[in-house]
Amino acid sequence: MILLSAEQGLKADEIAAIVRESAVTVLTWLKRYLAEGIEGLQDAPRAGRNATVTAEFRRCLLESVRRRPRSLGLAYSMWTLQRLADYLAEKTGIRVSDETIRRELAKEDIVFSRPQHTISSPDPEYQVKKRRLKKLEMG
């Protein structure tokens, strides 16, 4: 907008049509540039919610996810994002969504996927019988 005004000598309405903004927006930016120079074009800091995840929470998350739940006295053997969120809420007092847990783990290159369930049998001939069944299905 600034360059179109300075170099091309275009008016606010003409600039607005080019950049697909309102003339009021164009004028606001031009005034800010005239008053403050290039620094005036930076967005001012905005108010927002403080980060929920603290360094201590992140440390606790990483410690927990690297251990088996049963070793922490829990009744299950595998972590899910929701179980981690619940466990950490109890342990730290900070409640976050499972999506927040997923994002925090992704920052450490830890990715959760659905567990792959396998069926096994104590029968010593289980594998032989399984192969035989597969051959029957295919043949």
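Trainee: Is Leu-34 buried or exposed?

Mentor: Leu-34 is exposed, since its relative accessible area is 73%. The general idea is a scale: buried means under 20% relative accessible area, exposed means over 50%, and partly exposed lies in between, with a 1.4 Å probe and protein chains only as cover. Please keep in mind that this is a predicted model, in which local features need pLDDT of at least 70 and side-chain atom pairs pLDDT 80 or more, while totals for chains, interfaces and linings use all residues. Residues are numbered from 1 along each chain as its sequence is written, and side-chain values use heavy atoms, without hydrogens and water.

Trainee: In which helix does Leu-34 lie, and which residues make the nonpolar surface patch?

Mentor: Leu-34 belongs to helix H3, residues 23-36; helices here are DSSP runs (H or I, at least four residues; strands are E, at least two), numbered from the N terminus. Together with Tyr-33 and Ile-38, Leu-34 makes a nonpolar patch of about 340 Å². Such a patch joins nonpolar side chains (Val, Leu, Ile, Met, Phe, Trp, Tyr) within 5 Å, or like charges within 9 Å, from residues with over 30% relative accessible area and no salt bridge. The areas come from the Shrake-Rupley method with a 1.4 Å probe.

Trainee: Which residues of helix H4 are buried, and what covers them?

Mentor: In H4 (residues 55-65), the buried residues are Phe-57, Cys-60, Leu-61, Leu-62, Ser-64 and Val-65. Their cover includes helix H5 (81-92) and helix H6 (98-107). Consider Ser-64: its relative accessibility is 4%, so it counts as buried. Leaving aside residues up to four places away in sequence, Ser-64 touches Leu-72, Trp-79, Leu-84, Tyr-87 and Leu-88; contact means heavy atoms within 4.5 Å.

Trainee: How is the crossing of H2 and H3 to be read?

Mentor: The axes of H2 and H3 come within 8 Å and cross at roughly 110°. The two helices are therefore roughly perpendicular. The contact involves Ala-12, Asp-13, Ile-15, Ala-16 and Val-19 of H2, and Ala-23, Val-26 and Leu-27 of H3. Between H2 (12-19) and H3, the loop holds Arg-20.

Trainee: How many salt bridges are counted?

Mentor: Side chains of opposite charge can pair when their charged atoms come close. The rule asks for a side-chain nitrogen of Lys or Arg within 4 Å of a carboxyl oxygen of Asp or Glu, and the count is eight. Arg-59 pairs with Glu-63 at 2.3 Å; both lie in H4, four residues apart, about one turn of the helix. Arg-95 and Asp-86 meet at 2.8 Å, N to O. Glu-99 and Arg-103 meet at 4.0 Å, and they too are four residues apart, in H6. Shared partners also join Glu-56, Arg-59 and Glu-63 into one network of salt bridges.

Conventions: Axes are lines fitted to C-alpha atoms, for helices over the stretch in contact, and angles run from 0 to 180 degrees between N-to-C directions. Angles under 35 degrees count as roughly parallel, over 145 as roughly antiparallel, 65 to 115 as roughly perpendicular and the rest as oblique.
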